[in-house]
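User: I am new to this structure. Please show me how to read a few of its features.

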Amino acid sequence: MKGVFPYVILPADSTTLSETGVVMKKDFISIQDYTPEELQSMLDLAIQLKKEYFSGGNPPLLKGKVLGMIFQKPSLRTRVSFDMAMRHLGGDALYLSPNEIGLGQRESIADVARVLSGYVHAIMARVFAHEHVLELAKWSSVPVINGLSDYDHPCQAMADALTIIEKFGTLKGVNVTFVGDGNNVCVSLMHIVTKLGGNFTHSGPEGYDMPKQAVELGLQFASKSGSKVRFTRDPHEAVRDAQVIYTDTWTSMGQEAEAKEREKVFPPYQVNEQLVSEADKDCIVMHCLPAHRGQEITDAVADGPHSAIFPQAHNRLHAQKAILVRLFQAG
């Protein structure tokens, strides 16, 4: 992503007008919509729900509830983790493929939102354009969750924060470095780290920075929490004292036409054993997956002693349980 992304902030406690009257609801569209206290409360709940799950199972907090899942982009983790989260909590999930809806093409987003609001109790959407999830939230009378958009990936950020807290006990004061493209994952990570008091560094090649507005918001959050934010082109400088090294694919879905050019630019930003050795000796390495091994990360690191990649992936389940419970409670 390059330049400023046209993003309109949607308040977390916004009201939505349904056909039967005014309905209060909360959406989970972006980390920036939530206060540090709300985020920490959800993370605390995620820890509790995870402990319950491994101690005999979760109570059926969402019994009788159905989550409609709209997919424009395929996903292993998003689909399975949301489906299993609903099942573990006593509810159910309905998968809706791109061909079944044709969001914004076969049928208008506004019509899809209003129809689904009468069938399911919440909607999760994994989309290309961020405007699509905003439009869904505008017209839906049930909670809408951003399962990924080209602007950010808030559900991933919640799992990331949960993983870091499990390792270090807190996010406050933890040095988190993202190496690579300033993409949607990088944006959400910066926002949750700075909201919760961690220090954030981004290192990527020129022309692949985060959107200006996202950076400005991150700096605002850091100012309020006392965090530090740094940007450097030098990945070796970026990982100095890093307790968390995070990377993502050089080419995301929808950017395939740029793949060859990106493969020329990003090799200096590969997370390999040498780079990890320059960070804190107890650092963890994170990746949102899928990984292109041999490109942004090596096998030796992904499968090595510093890797937190698979616990991080598993935490999608527990973080999303907390998001679902909070949204249903709010309704």
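User: How far is the sulfur of Cys 186 from the closest cysteine sulfur, and in which residue is that sulfur?

Analyst: A disulfide is a pair of cysteine sulfur atoms within 2.5 Å. For Cys 186, the closest cysteine sulfur is 11 Å away, in Cys 288, so it is too far for a bond. The model is predicted: local features need pLDDT of at least 70, side-chain atom pairs count only at pLDDT 80 or more, and totals for chains, interfaces and linings use all residues. Residues are numbered from 1 along each chain as its sequence is written, and side-chain values use heavy atoms, leaving out hydrogens and water.

User: What is the count of disulfides?

Analyst: The count is zero. The sulfur of Cys 155 is also too far for a bond, 13 Å from the closest cysteine sulfur, in Cys 288.

User: Is Cys 155 buried or exposed?

Analyst: Buried means under 20% relative accessible area, exposed over 50%, partly exposed in between (1.4 Å probe, protein chains only). Cys 155 is buried, at 0%.

User: What about nonpolar cores?

Analyst: In soluble globular proteins, nonpolar side chains tend to be buried together. A nonpolar core is a set of buried Ala, Val, Leu, Ile, Met, Phe, Trp, Tyr and Cys residues joined through side-chain atoms within 4.5 Å. The largest one here has 62 residues; Phe 28, Met 158 and Leu 324 are among those with the most contacts inside it. Another core, of 19 residues, lies apart from it and includes Ile 70 and Val 120.

User: Which residues does Met 158 touch?

Analyst: Contact means heavy atoms within 4.5 Å. Leaving out residues up to four places away in sequence, Met 158 touches Phe 28, Leu 39 and Ile 192, among others.
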